[in-house]
Amino acid sequence: MTTRKLNIAVYPGTFDPITNGHFDLIERGARMFDKVVIAVAASPGKSPNLDLETRMALVKAVCASLPNVEVIGFSTLLTTMMHEQGATIILRGLRAVSDFEYELQLANMNRAQNPELESVFLTPAVENSYISSTIVREIAKLGGDISPLVHPQVAEALRKHYTS
């Protein structure tokens with residue numbers, strides 16, 4: 001009798017903050033794979049607005065209804081973290097054609113580092129196709145309504161972050 005290997009996908013990102021677009025991909029990935037690891041990158045070079053612990057807590061809150069989703073933080077090479085997680089699938093989102101060239105370059109570089117890795121690309125639902133963390137942050141900074149774009153806990157966290 002052979003033991004079936006779990007299909008573990010990793011969805012890496014800064015998640016500064018997690019948006020409805022991210023959640024759409026996570027939810028669909030959770031239906032496709034045995035386990036989805038949301039890997040929140042420390043990304044000090046990107047100077048995230050929210051600290052790593054806050055971003056991880058928000059991702060955990062948003063994904064609480066998905067039992068096969070785990071949230072971790074990481075500051076290593078993606079391929080190293082994938083090996084540590086026993087994962088061979090990288091889950092990524094493509095909002096527009098402009099995303100494709102960069103994502104293809106990343107996929108090829110990751111595969112060059114570890115030939116066993118595969119990248120799977122999902123497109124967001126139409127209603128989420130224009131949402132990005134950058135746009136959400138900008139609207140929040142200027143006091144706009146981000147409630148249609150993010151989970152209520154994320155909206156509250158950003159409101160507090162930008163008014164304190």
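User: How far apart are the end C-alpha atoms of α1, and what span should its 13 residues give?
Analyst: At 1.5 Å a residue, the 13 residues of α1 should span 18 Å, and the end C-alpha atoms are 18 Å apart, so the two values agree. Keep in mind that this is a predicted model.

User: Which residues of α1 are buried?
Analyst: The buried ones are Gly21, His22, Phe23, Asp24, Leu25, Ile26, Gly29 and Ala30.

User: Take aspartate 24. What is its relative accessible area?
Analyst: Aspartate 24 has a relative accessible area of 11%. The cut-off for buried is under 20%, so aspartate 24 counts as buried.

User: And what is aspartate 24 in contact with, leaving aside its neighbours within four places in sequence?
Analyst: Aspartate 24 is in contact with Pro124, Ala125 and Asn128, once those sequence neighbours are left aside.

User: What happens at the start of α1?
Analyst: A side-chain oxygen of threonine 19 comes to within 3.2 Å of the backbone nitrogen of glycine 21 there.

User: New topic. How many salt bridges does the structure hold?
Analyst: There are seven salt bridges. As background, side chains of opposite charge can pair when their charged atoms come close.

User: Are glutamate 70 and lysine 35 buried, exposed or partly exposed?
Analyst: Glutamate 70 is partly exposed, at 29% relative accessibility. Lysine 35 is partly exposed too, at 24%.

User: What about arginine 95, what does it pair with?
Analyst: Arginine 95 forms a salt bridge with aspartate 99, and their closest N and O atoms are 3.7 Å apart. Arginine 95 is partly exposed at 43% relative accessibility, whereas aspartate 99 is buried at 18%.

User: Which helix holds both glutamate 156 and arginine 159?
Analyst: Both are in helix α6, three residues apart, which is about one turn of the helix. Salt bridges with shared partners join Glu156, Arg159 and Lys160 into one network. In the bridge between glutamate 156 and arginine 159, the closest N and O atoms are 2.6 Å apart.

User: Now the strands. Which way do β4 and β5 run, and how many bridges join them?
Analyst: β4 and β5 run parallel, and five bridges join them. Glycine 93 has leucine 122 in β5 as its bridge partner.

User: What kind of unit do β4, α4 and β5 make?
Analyst: Together they make a β-α-β unit, and it is right-handed.

User: Last one. Where are serine 43 and serine 47, and what is phi for serine 43 and serine 47?
Analyst: Serine 43 lies in the loop between β2 and α2, and serine 47 lies in the loop between β2 and α2 as well. Serine 43 has a positive phi of about 45 degrees although it is not a glycine. Serine 47, also not a glycine, has a positive phi near 45 degrees.

User: Is serine 47 buried or exposed?
Analyst: Serine 47 is exposed, with a relative accessible area of 54%.

Key
Residues numbered from 1 in each chain as written. Predicted model: local features only at pLDDT ≥ 70, side-chain atom pairs only at ≥ 80, totals over all residues. Heavy atoms only, no water. Salt bridge = Lys/Arg side-chain N within 4 Å of Asp/Glu carboxyl O. Buried < 20%, exposed > 50% of the residue type's maximum accessible area, 1.4 Å probe, protein only. Helix = DSSP H or I, 4+ residues; strand = E, 2+ residues; numbered from the N terminus. Contact = heavy atoms within 4.5 Å. Pairing = 2+ DSSP bridges. Right-handed = clockwise from strand over helix to strand, strands pointing away. Expected span 1.5 Å × (residues − 1). Polar contact = N/O pair within 3.5 Å; in protein donor to acceptor, adjacent residues only side chain to side chain.
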